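Me: Please go through the strands of this structure with me, one question at a time.

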Amino acid sequence: MRILSAVGAMGAGAVVVVAGACPVRALSPEADLAYHGSVAMAAGLFDLRLTPQNHGPSPVAEATVRLRWSVPLADEQRLPGGCARSGGRSVVCRTGELPADGLGGPIGLRVRLRAAPTEVMLEIDTVWGGGAVDRNHANDRQRVLALDTGDSYAF
């Protein structure tokens with residue numbers, strides 16, 4: 001009986017060592033997603049042009065970016081393919097394929113705000129990174145203030 005207990009304890013110890021030497025996150029690909037573009041707002045219409053980018057080192061087959069406004073969107077919207085409403089103030093869009101150290105396809109949309117505010121804050125962030133680990137959130141989380149001037153603001 002003692003011999004079996006010792007073997008069982010050694011087996012459990014070996015499993016702990018192996019699990020400790022091979023953390024799950026090491027099995028996930030690593031990418032660094034970023035978003036750059038411009039916004040403009042006039043009379044309750046908000047224009048967004050955004051290009052997703054992946055600084056690598058691994059490619060990402062698909063990711064999802066969330067766009068969240070500080071004010072409610074109008075009930076009816078015409079959104080491009082790959083984009084959908086995800087709440088009263090937000091839209092999510094597919095990025096498409098993001099090669100390592102490369103750009104994705106541009107995302108452009110125009111949304112109507114429920115009112116015509118003098119300023120709006122847009123928050124941009126990654127909802128899903130295609131299963132890749134992104135350790136640098138300094139460039140995939142943006143906040144952009146747009147004033148009701150029709151001027152373009154780059155980020």
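Reply: Two strands pair if DSSP finds at least two bridges between them. Helices (H or I, at least four residues) and strands (E, at least two) are DSSP runs, numbered from the N terminus. This is a predicted model, in which local features need pLDDT of at least 70, side-chain atom pairs count only at pLDDT 80 or more, and totals for chains, interfaces and linings use all residues. Residues are numbered from 1 along each chain as its sequence is written, and side-chain values use heavy atoms, with hydrogens and water left out.

Me: Which residue is the bridge partner of Val39 in β10?
Reply: β1 pairs with strand β10 (residues 152-154) over 3 bridges, in the antiparallel sense. Within β10, Val39 has as its bridge partner Tyr153.

Me: How many residues of strand β1 are buried?
Reply: Buried means under 20% relative accessible area, exposed over 50%, partly exposed in between (1.4 Å probe, protein chains only). Strand β1 covers residues 33-42 and is largely enclosed by the rest of the structure, because the number of its 10 residues that are buried is 8.

Me: Which residue in the turn between β1 and β2 has a positive phi?
Reply: β1 runs antiparallel to strand β2 (residues 45-54), joined by 10 bridges. The two form a hairpin with 2 residues between them. The positive phi, about 50 degrees, belongs to Ala43.

Me: Which strands stand at the edges of the open sheet?
Reply: The open sheet has 5 strands with antiparallel pairing, in the order β4-β5-β3-β8-β9. Two of them have a single partner strand each, so one side is left without a neighbour in the sheet: β4 (83-85) and β9 (142-147).
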